[in-house]
Amino acid sequence: MLMLCSKCSFLYPFNGWDDFNSFYTVGSGWANGLLPYRDLFEQKGPLLYLIFMIGYLISPGKFSGIFILEVFFLTISLYFSSKIIDLFIDNERNKRGKYLILLLYGIMITTSVSFVEGGSSEEFNLLFVTISIFYIIKYLKNDKLENISYRDLIICGLCCGCSLMIKYTPIGLWFMMMAIICIKLLKLRRFKDAIIKGIVFVISMIIPLFGFMIYFYFNKQYRTYISINA
């Protein structure tokens with residue numbers, strides 16, 4: 001599906017989308033010693049540029065490395081999409097229907113506006129959103145989101161942090177998730193649980209941010225993604 005829809009695939013001579021080329025310029029420049037937000041400016045998050053840097057290192061000067069990463073990210077995303085379907089289709093007789101739903105969903109996603117050129121921030125962000133939606137539905141299905149395990153909460157927090165380090169606008173998903181958890185726990189008078197789960201989530205969310213902050217601090221670059229978009 002990506003081979004047909006993404007202009008990073010070998011079926012297309014080049015990807016002429018301006019945003020994509022901006023991301024690629026920052027990623028390739030980073031791989032060659034230039035620093036994002038100082039030597040090269042673009043307003044997206046550092047994780048996106050790290051992805052493009054890895055893509056550049058896989059195939060310098062070509063877009064096939066980005067295409068490989070697109071396939072990897074979408075494959076894991078579709079895996080968690082299949083786990084979401086499993087929450088509603090849990091018997092062997094309907095397994096073929098599950099794969100048909102997954103195929104139609106894959107076609108819908110790869111032909112959407114967010115995937116229309118290839119290499120968009122939304123495309124890579126989809127993985128972290130899908131993982132978190134799986135865990136949210138897993139507990140909401142039994143009306144027990146407030147009982148989410150600390151392991152699953154940490155995974156969702158890390159996904160939120162990674163999403164934030166690509167593009168900050170999708171984090172409303174996790175804001176609503178934590179709002180539901182905390183409100184339900186407060187209604188049940190489980191005040192300690194509400195505080196602890198809130199702290200665990202925030203710490204998990206900050207981990208990806210903290211890693212990039214340390215890197216930019218030691219490179220004496222203080223004006224970064226967060227301060228630019230604040």
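Author: Start with exposure: a residue is buried under 20% relative accessible area, exposed over 50%, and partly exposed in between, with a 1.4 Å probe and protein chains only. This is a predicted model, in which local features need pLDDT of at least 70 and side-chain atom pairs count only at pLDDT 80 or more, while totals for chains, interfaces and linings use all residues. Residues are numbered from 1 along each chain as its sequence is written, and side-chain values use heavy atoms, with hydrogens and water left out.

Reader: Why does Arg 189 count as exposed?

Author: Arg 189 has 66% relative accessibility, and the cut-off for exposed is over 50%, so Arg 189 counts as exposed. Arg 189 sits in the loop between α8 and α9. Its phi is positive, about 60°, although Arg 189 is not a glycine.

Reader: What makes Tyr 37 buried or exposed?

Author: The relative accessibility of Tyr 37 is 7%, which is under 20%, so Tyr 37 counts as buried. Tyr 37 belongs to the loop between α2 and α3. Tyr 37 is not a glycine either, yet has a positive phi of about 70°.

Reader: Why is Thr 75 called partly exposed?

Author: Thr 75 has 45% relative accessibility, a value between the 20% and 50% limits, and therefore counts as partly exposed. Thr 75 is part of helix α4.

Reader: What is Phe 73 in contact with, leaving out residues up to four places away in sequence?

Author: Contact means heavy atoms within 4.5 Å. By that rule Phe 73 touches Ile 51, Phe 124, Leu 127 and Phe 128. Phe 73 is in helix α4, and at 12% relative accessibility it counts as buried. Phe 73 and Glu 123 are 50 residues apart in sequence, and their C-alpha atoms are 8.3 Å apart in space.

Reader: How do you know that the length of helix α5 agrees with its number of residues?

Author: Helices are DSSP runs of H or I with at least four residues, strands are runs of E with at least two, and both are numbered from the N terminus. The expected span of a helix is 1.5 Å times one less than its number of residues. Helix α5 covers residues 95-110, which is 16 residues, so it should span 22 Å; its end C-alpha atoms are 23 Å apart, which agrees. Helix α2 can be treated likewise: it has 14 residues and reaches 20 Å from its first C-alpha to its last, close to the 20 Å expected.

Reader: Which residues of α5 are buried?

Author: They are Lys 98, Leu 102, Gly 106, Ile 109 and Thr 110. These residues cover an arc of only 90° around the axis, which puts them on the same side of α5; the arc is that of the directions from the helix axis to the C-beta atoms. They pack against α1, α4 and α6. Arg 96, Leu 104 and Met 108 are exposed on the other side of α5.

Reader: Why is α7 called roughly antiparallel to α8?

Author: Two packed helices are described by the angle between their axes and the distance between the axes. Axes are lines fitted to C-alpha atoms, for helices over the stretch in contact, and angles run from 0 to 180 degrees between N-to-C directions. Angles under 35 degrees count as roughly parallel, over 145 as roughly antiparallel, 65 to 115 as roughly perpendicular and the rest as oblique. For α7 and α8 the angle is about 150° and the axes are 11 Å apart. The angle is over 145, so α7 is roughly antiparallel to α8. Among the residues making the contact are Leu 153 and Cys 156 of α7 and Trp 174 and Met 177 of α8.

Reader: What makes a set of residues a nonpolar core?

Author: The set must consist of buried Ala, Val, Leu, Ile, Met, Phe, Trp, Tyr and Cys residues joined through side-chain atoms within 4.5 Å. The largest nonpolar core here has 63 residues, and those touching the most other members are Leu 47, Phe 52, Phe 124, Phe 128, Trp 174, Met 177 and Ile 181. α6 gives the most to this core, with 10 residues.
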